[in-house]
Amino acid sequence: MELARQNRITQEILEHYLQKRLFPQLARTRPPSLEDILPQPASRGPEDPEGESLQSVESEQVSSVYQEGTSHSHLYLDCPHCEDEAATTLGINRWTMPLLKLGEKRYYLGIFFKANWFKAAQYCRFHGMHLASISSQEENDKLEKYVRDSGYGNEHFWTSGTDLAEEGNFFWMSSGRPITFTNWNAGEPNNFRYENGEEENCLELWNRDGKGLKWNDSPCSFETFFVCEVRND
């Protein structure tokens, strides 16, 4: 089943994450590739005429699967019905996706593979989240600190911001709301046009000038890390 396959993949992601954070001196397992992670076409049988779909996973309620973490201000996305041999080996009972609680939201850093904006959005939705939106300087600063403390302060990160619908009018795809607070790099957004004709229509976080994670418009086909979010209930 597709859901079981995604559960297994998230288990492998957690194992890689824990090894990196807790046992950096040990040889690490290879994280799942993008081809492994993205949903596979479901086979249809007499008992499952429609097959298992991305929509069926997206429609699940996520509010019941969160619990307080044991350290820092992290929360965890639980899979209470999954057995995890790797997690048992590392001394925990259930595998989880590490989240950070910041005010009304919880964030997940997609740092195990790079994806274009559309695939990053698909991955967040498949796991009951959205690409992140940022509504204040305080939220921006706390998220930046989380990224920097995780050792990825010089990387690029997709958010849900885009002006694909109308050039120059950015909005958050996660909420459908226009962007009001902004934190653009100097000279951005500039909608640079590339030789292949592609323009910059998706919003990323990028420490371009060594002045912190500011905003930049970038081609949506650019493959990089990303930030998912889910609102607290």
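**A first salt bridge**

I started with lysine 114 and glutamate 155, whose side chains meet in a salt bridge (4.0 Å, N to O). For the term, I wrote down: a side-chain nitrogen of Lys or Arg within 4 Å of a carboxyl oxygen of Asp or Glu. Lysine 114 lies in strand β4 and glutamate 155 in the loop between α6 and β6, so this pair ties together parts 41 residues apart in sequence. Helices (H or I, at least four residues) and strands (E, at least two) are DSSP runs, numbered from the N terminus.

I noted that this is a predicted model: local features need pLDDT of at least 70, side-chain atom pairs count only at pLDDT 80 or more, and totals for chains, interfaces and linings use all residues. Residues are numbered from 1 along each chain as its sequence is written, and side-chain values use heavy atoms, with hydrogens and water left out.

Next I looked up accessibility. Buried means under 20% relative accessible area, exposed over 50%, and partly exposed in between (1.4 Å probe, protein chains only). Lysine 114 is partly exposed, at 39%. Glutamate 155 is partly exposed too, at 26%.

**Other salt bridges**

How many salt bridges are there by this rule? The count comes to 10. I looked up arginine 231, which meets glutamate 104 side chain to side chain (3.2 Å, N to O). Arginine 231 sits in strand β10 and glutamate 104 in the loop between β3 and β4, so the pair ties together parts that are 127 residues apart in sequence. Arginine 231 is partly exposed, with a relative accessible area of 46%. Glutamate 104 is exposed, at 57%.

Arginine 208 and aspartate 209 also form a salt bridge (3.0 Å, N to O). I found arginine 208 partly exposed at 28%, and aspartate 209 partly exposed at 40%. I also noted a network of salt bridges that links Lys105, Glu139 and Glu229.

**Helix α6**

I turned to α6, where Glu139 is one of the buried residues.

α6 has 13 residues and reaches 18 Å from its first C-alpha to its last, close to the 18 Å expected at 1.5 Å a residue. The expected span is 1.5 Å times one less than the number of residues. Just after α6, glycine 151 takes a positive phi of about 90°.

**The core**

A nonpolar core is a set of buried Ala, Val, Leu, Ile, Met, Phe, Trp, Tyr and Cys residues joined through side-chain atoms within 4.5 Å. Which members of the largest core touch the most others? Of its 40 residues, they are Leu143, Phe157, Trp215 and Phe226. Elements giving two or more residues to this core include β4 (105–115), α6 (137–149) and β10 (224–231). The largest share, seven residues, comes from β4.

**A loop residue**

Last, I looked up threonine 180, in the loop between β7 (171–172) and β8. Threonine 180 is exposed, at 68%. Its C-alpha is 7.2 Å from that of serine 135, 45 residues apart along the chain.
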